[in-house]
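Student: I have a model open and would like to learn how to read its features. Where do we start?

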Amino acid sequence: MEKLLQWAVNNTDQDALSKQAEAIRRGEAKPDPSKYDPKVLEAILGKDDATRMKDAVACISDPEDTVQNKEIALDNLELLIEGIDNACNIENMKLWPAIIEQLESEHAPVRKGTAWVCGTAVQNNPKAQKAFLEHGGLKPLLSLLKDEDKMVRNKAQYAISGFLKHHQAGVDAFKALNGFEALHDILKSPTTDPAMLRKVVFLYNSLVFDDEALSKELVKNGTLDDLIKVLVKYTKEEEDEDMVEKALRTIHSLLVKSKTNVSAELKQHVQEAKEKYGAENLGLADSEWKDLL
């Protein structure tokens, strides 16, 4: 076989082979079996991305396969769908139902890896966001925010963030499933770990940036009050400059978008944060400080 491979390489236009290899790997072309032995081509080029994606999904869907193999398959799949074309091909190859099913796996590493795949696929990808929603992926993903495993919860939050950003239909569906109540529970829970809390605070800021109606709703339902509690906690009780910066930015966005006045009490909390960490370290513009103070 080694001699056969060497002969194939030596007797092929290298530039043409390289271009064809890249096209095949991307799934944009298929080898011509009349010109090349498929087994030789696979040995030279490796499997194309589409085949590798199907193999990964087949692995995670196989009840007889090991959890370790499924973790490897999910890692490989996540790498493959970092490219937007491959992410869109999940729908083209009808792989979404099998992937979404694994969000409810009995094994935490599989749930975590699947949420990671979903999050990477929908990141800045309207077609994948739409397909994920249409295949019913949001409900099982949302339930993972309350998973017993911390890493699963973190990856679920990552996926939800990617799904919601710049996706109004997704925000509407999230609201219908009481998703904002779930986020609020995370925000106000004393047991939420700082890493996840920071991400949720930042997500709120992203969501209200262009949504005045949502901003008003979050002020009304107490989310603003709980964001202020985060600001106070990490100013007076614990040290976390990044958390305070994100809390200040989100509070500012909520107040401006909802046209809510800044209370005297909030001004005091903002001033205390500014004095403790320094305005130059918290990254707010002079105009933002003026709005808050």
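Tutor: With a definition: Ala, Val, Leu, Ile, Met, Phe, Trp, Tyr, Cys and Pro count as nonpolar, Asp, Glu, Lys and Arg as charged, and the others, Gly among them, as polar. Keep in mind that this is a predicted model.

Student: How many residues of the lining of the largest pocket are nonpolar, polar and charged?

Tutor: The general idea comes before the count. Rolling a probe the size of a water molecule over the atoms shows where empty space is left. Here the largest pocket has a volume of about 270 Å³. Its lining divides into 5 nonpolar, 4 polar and 3 charged residues. Among them are Leu-164, His-166, His-167, Phe-209, Asp-210 and Asp-211. Helix 12 (168–176) and helix 14 each supply at least two residues of that lining.

Student: At what angle do helix 11 and helix 14 pack?

Tutor: Two packed helices are described by the angle between their axes and the distance between the axes. For helix 11 (residues 150–164) and helix 14 (residues 194–208), the angle is about 10 degrees and the axes are 11 Å apart. Angles under 35 degrees count as roughly parallel, so helix 11 and helix 14 are roughly parallel to each other. Helix 11 makes the contact through Arg-153, Asn-154, Gln-157, Ser-161 and Leu-164, and helix 14 through Met-196, Lys-199, Val-200, Leu-203 and Leu-207. These contact residues divide into 5 nonpolar, 3 polar and 2 charged.

Student: Which element has the lowest mean pLDDT, and which the highest?

Tutor: Helix 1 (residues 2–10) has the lowest, at 51, and helix 7 (residues 96–101) the highest, at 97. The protein averages 87, and 84% of the residues score at least 70.

Key:
Residues numbered from 1 in each chain as written. Predicted model: local features only at pLDDT ≥ 70, side-chain atom pairs only at ≥ 80, totals over all residues. Heavy atoms only, no water. Axes fitted to C-alpha atoms, helices over the stretch in contact; angles between N-to-C directions. Helix = DSSP H or I, 4+ residues; strand = E, 2+ residues; numbered from the N terminus. Parallel < 35°, antiparallel > 145°, perpendicular 65-115°, else oblique. Contact = heavy atoms within 4.5 Å. 1 Å grid on protein atoms, 1.4 Å probe; cavity = no way out; pocket = protein on both sides within 12 Å on 5 of 7 lines; lining within 4 Å. Points joined across faces, edges and corners; volume = space filled by probe spheres on them. pLDDT = per-residue confidence, 0-100.
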